[in-house]
Amino acid sequence: MSEHDESRTPVALSGLAANDPHLQPAARNPQLVERVIAMCFLVGIILVIGFGACYWVNAKPWTLGATMGGGLFFLGVGLVAWGKYLMPRGPFVEERHTLANSESDRNAFAAAIVERGGTVIKRRKMLGGLLGGGLGIFGVVAIFPLIRSLGPLPKSTLFHTDWRPGSFAVDITGRRVHKGDLAVGSIVTVYPEGFQDTDNGQAVDQTVLIRISNQDFTTQKGRESWGPAGYIAYSKLCTHLGCPVGLYEQQLQLLVCPCHQSMFNATNGAVPNFGPAPRPLPQLPLYIDADGYIRAQKDYGQPVGPGFWERS
Amino acid sequence: MSSEVINTKRAKQAAAGPYGKVGHALNELDDRLGVAKGGRTFLDKIFPDHWSFMLGEIALYSFVVLLATGVFLTLYYIPSTALTTYHGSYLPLDGQRVTEAYASSVNLSFAVRAGLLMRQMHHWACDIFIGAIVVHMARVFFTGAFRKPRELNWTIGTTLMILAIVNGFLGYSLPDDLVSGTGIRIAYSIILSIPVVGSYLGFLVFGGNFPGTMVIPRFFILHVLIVPALILGLVGAHLFLLVRQKHTQFPGKGRTENNVVGTPMFPVFMAKTTGFLLIVAGVTALLGAFAQINPIWQFGPYEASRISYAVQPDWYMGFLDGALRIWPSWSFHSFGYTIPLEVTVPAVILPGILFNIAYVWPAFERKLTKDFAMHNLLDRPSNRPKRTAAGVAVLALLSMLFIASSTDVIANFFHLPLNQVLWGMRILVILSPFVAYPVTWKICQELRVVEGGGKRKTTNVVTRTAEGEYVATAAPVYVDDVHSELEASEVPTFIVDETDKETGPGTRTVDR
Amino acid sequence: MITTSLKRVGMLTIAGLLLAAPLTFFVAGAGAQGRVVYQTTRKNAGTPNSTNVTTNSSGVVISYGNSAITYNAPSPKLASLGQALFLQNCASCHGTEANGVPANGTSGAYPNLVGLGPATIDFWIESGRMPAADPRAIQAKRRPPRLSSKQAVAIAAWVNSLSPSYPDIPTPNLKNANVSDGAALFALNCAACHTIEGDGDALAQGTYAPSLRNIPAYQVVEAIRTGPGNMPRFTGNLSDFQVRDIVKYVTTEIQHPQNIGGLGLGGLGPVAEGFVGLLLGVGILALVGFWVGERQ
């Protein structure tokens with residue numbers, strides 16, 4: 001550095017003397033602060049090296065984070081302290097020049113746009129219209145490949161599930177549920193046979209099968225034959241936002257949605273009695289075949305899950 | 001060393017000018033780009049450094065951490081819903097059929113060195129990022145920094161907040177674990193609830209009915225490319241406007257509408273702000289080291305028929321979840337069509353209203369106060385009781401909605417019936433803005449009449465007058481509080497002064 | 001005198017049965033002719049349909065099960081001790097006949113225990129829920145048990161002697177359990193109430209799903225097989241092997257979660273994370289900013 005002293009022209013300050021308080025460090029005891037900052041940097045360096053070492057030996061995640069975080073933290077604290085206590089303390093002032101230009105400059109700018117543009121376009125109105133029309137039409141036409149290709153149209157997919165007349169109710173492993181399987185107060189999630197491993201089966205067809213009694217059970221008028229041997233089935237999709245209503249309180253005979261705590265009364269057709277869900281869970285009509293297996297009479301007959309515009 | 005060598009060296013130095021190699025390089029740069037003058041101005045730029053101006057820096061630097069850790073994560077994450085069998089070091093998942101997205105998220109946590117730390121840092125940085133944005137936005141709002149000429153920057157900032165929340169949700173969804181999958185399911189249902197176009201929109205976004213196979217790859221490209229690019233661009237615009245319009249400042253000694261008082265960009269502000277960047281990264285890494293976040297291995301993979309109780313979204317989505325919980329089950333059916341108001345109102349219309357209030361506020365306030373002047377000096381919040389009260393009312397409403405998102409946790413913790421907690425929250429949410437507004441307004445009024453209130457280190461002395469009235473007056477300024485006593489000075493200019501050449505070795509040149 | 005009181009007991013029993021609706025259906029079939037079997041087709045679901053049934057000289061089932069779970073009937077020899085304990089600790093509510101009709105005749109308020117199976121009785125006593133601290137509470141709380149394990153089995157033996165039924169007291173063998181299958185089954189069947197971290201949460205009308213953090217393996221089996229309180233029963237819908245896998249997952253990963261990323265934050269998930277992120281993260285950084293910046 002000694003060459004510098006000779007080659008660089010020493011400088012002075014305009015307006016401020018070199019010993020001006022604005023240029024003094026803010027610290028009352030700069031030597032002490034310098035030592036503290038040096039300690040911060042040293043600790044930071046050690047920790048950063050430690051980070052490298054921890055990474056090298058593949059140490060536990062917390063050691064990696066502790067060394068890296070601690071290292072960066074101490075380096076940062078040192079640097080801030082350097083700036084805050086050892087650099088010129090200020091305060092300094094800067095003029096704020098108005099951003100707005102002079103009246104004539106503004107007028108020239110506006111005139112350039114309005115007059116140049118105006119004369120050109122006014123003279124060739126038809127060309128401007130054609131160009132605008134062309135670009136506009138392209139914009140509209142481009143929406144189709146850009147947006148329409150993203151996915152299929154809903155059509156009627158939201159209105160039915162994979163439950164068919166005679167579908168066996170199977171559990172997640174694909175095992176058919178037999179009428180003797182469940183005790184009163186039991187619940188199992190079932191799917192139409194063949195769909196338990198499909199996305200749609202999981203997301204749309206999922207159904208809770210509850211044994212609510214050991215005799216035929218009627219939840220609502222007109223559903224007399226839907227609950228053979230006390231087995232009743234409801235769509236597992238909450239009518240609020242489609243979360244799985246997998247929470248059954250067997251004494252209260254309530255189905256509760258874990259997401260927003262809508263509660264459905266299992267005994268009277270899953271009519272909601274609390275929470276934000278607006279509609280009952282659709283009930284799946286069941287029957288028990290000659291071999292004793294639980295099967296669906298037909299599909300739900302209404303859309304399952306949350307509400308949407310086309311749903312009546 | 002021979003004198004010849006020294007001469008050559010001196011000649012070189014002379015050719016390079018008085019500032020050595022750095023000076024030479026700068027000259028070369030200036031020859032081509034003409035940066036010297038503008039660069040000098042930039043280095044002299046004054047930044048007011050009130051502590052509350054650091055809140056925006058927290059947001060900026062946690063975004064830097066997000067970019068750095070996010071790049072690391074993209075190297076290992078596989079955005080695919082194809083099924084695979086997990087065979088890794090976490091035994092409770094061994095042999096389960098999971099999506100590639102989930103398997104790769106678990107693997108990058110356990111099989112990649114420092115992977116878990118990076119994932120946790122990324123998630124913590126996100127929580128801090130959005131938190132800092134909200135706090136920064138509150139600071140800007142309460143001090144009136146959004147007023148003319150800064151309305152455009154307020155608009156950009158509001159957009160940034162929305163984009164940050166959106167990107168947070170997208171990223172939260174990517175691991176495809178049980179909790180995030182439930183979140184995606186709810187998002188799908190919310191899209192479905194939009195009148196007329198909902199089902200079409202849902203099918204287009206998800207590439208078919210939920211869950212489909214497209215949502216993870218699409219969320220991925222949105223999360224790592226499209227939204228971050230927008231955020232980056234808008235952050236650039238945000239900072240450009242900040243530099244162009246110069247920072248606001250609180251009123252105080254020597255501070256006027258026409259100047260900026262503070263520290264120069266180089267070196268003081270540069271040192272402080274770089275140090276602060278390191279501190280933000282450091283704190284994020286420490287959180288990532290010691291506080292576990294989103295343990296997806298414990299949640300297990302998402303399957304549409306699995307569900308866990310007490311599932312909440314990340315905190316910044318909490319107000320939506322709370323609104324969905326407490327809004328009553330009013331669905332609208334007519335002419336064979338349904339408007340699922342129980343979803344549309346709290347999840348679409350409510351955030352729409354809230355964000356739009358933020359957007360139109362500067363124009364609204366201008367219209368209301370008929371104040372069209374330029375403002376570079378900030379307001380003390382207590383001097384603007386109505387604005388402050390309105391802001392606190394909105395914050396109170398949002399906080400109550402956030403608390404409402406954990407009605408079940410509150411009920412469990414305090415052993416209260418769920419139904420009562422829900423009703424309690426409904427009442428509190430509705431009451432909160434109406435209580436917060438007058439209370440804040442009154443506090444502001446009280447603070448305004450306290451002389452010297454809100455100023456630093458001034459103690460109020462309460463004296464009893466002869467009439468028995470109590471009067472608060474500011475105590476004298478502390479004697480050793482020298483810093484605030486200095487008048488601000490111009491940033492000094494260094495000028496070449498030949499007469500000082502004789503000072504010789506030992507003279508300390510001031511490095512600026 | 002005796003006939004009137006018997007009549008009254010009978011009437012009150014009927015009233016009690018009607019009020020305790022879900023239990024009524026189950027209990028209705030209980031009779032003296034033999035043990036109540038609540039499922040028929042699925043092997044190994046808590047009843048002696050499987051192989052490995054051990055009977056004593058008089059043909060009474062004393063144990064059954066398989067390599068996953070063994071169910072042991074409480075020894076009938078303990079019945080007399082059990083009756084004494086029952087009269088001392090339980091009869092004030094459940095009645096001297098264990099039929100839910102206390103001596104003062106307020107029927108219907110307390111469950112009939114006849115025909116519930118030894119595992120049910122054992123679970124309620126050994127989990128400390130019975131004898132109840134507050135009999136009028138909506139839901140009995142898990143507490144340190146007041147009676148010893150042997151005393152609980154003795155009471156179960158006596159109640160079972162009134163009307164023998166299943167399931168018997170289980171002993172799971174977790175040696176060959178598949179913790180991964182257990183995790184999947186837990187997510188599908190248990191997490192909806194107990195949460196995926198096993199912390200439990202508030203349910204409808206003041207009830208709650210308890211935390212699973214501190215429950216011995218055999219009690220997990222008992223709870224799954226008998227469905228205490230509002231918990232659904234898992235009978236033919238889960239095999240003994242599946243139950244064993246779940247129990248393994250609960251007693252290892254749920255009770256000793258692998259918090260590889262640091263402090264578990266109480267398993268509360270995003271709510272706790274949000275508070276930590278805002279208070280610790282933004283809070284600390286704002287404090288640092290308070291130091292970095294000027295206060296004027």
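**View 1. The contact between chain B and chain A in the predicted model.** The contact, meaning heavy atoms within 4.5 Å, takes 115 residues from chain B and 94 residues from chain A. The area buried between these two chains, that is, the accessible area (1.4 Å probe) that two parts lose on being put together, summed over both, is about 9200 Å², and carbon and sulfur atoms give 65% of this area. This is a predicted model, in which local features need pLDDT of at least 70 and side-chain atom pairs count only at pLDDT 80 or more, while totals for chains, interfaces and linings use all residues. Residues are numbered from 1 along each chain as its sequence is written, chains are lettered from A in the order in which they are written, and side-chain values use heavy atoms, with hydrogens and water left out.

**View 2. Strand pairing between chain A and chain B.** Strand β2 (residues 92-95) of chain A and strand β4 (residues 259-264) of chain B run antiparallel and are joined by 4 bridges; strands are DSSP runs (E, at least two residues) numbered from the N terminus, and two of them pair if DSSP finds at least two bridges between them. Within this pairing, A:E95 stands opposite B:N259.

**View 3. The salt bridge between chain A and chain C.** Here 36 residues of chain A are in contact with 31 residues of chain C, and the rule finds 1 salt bridge across the interface, defined as a side-chain nitrogen of Lys or Arg within 4 Å of a carboxyl oxygen of Asp or Glu. A:K84 forms a salt bridge with C:E294, with the closest N and O atoms 3.8 Å apart.
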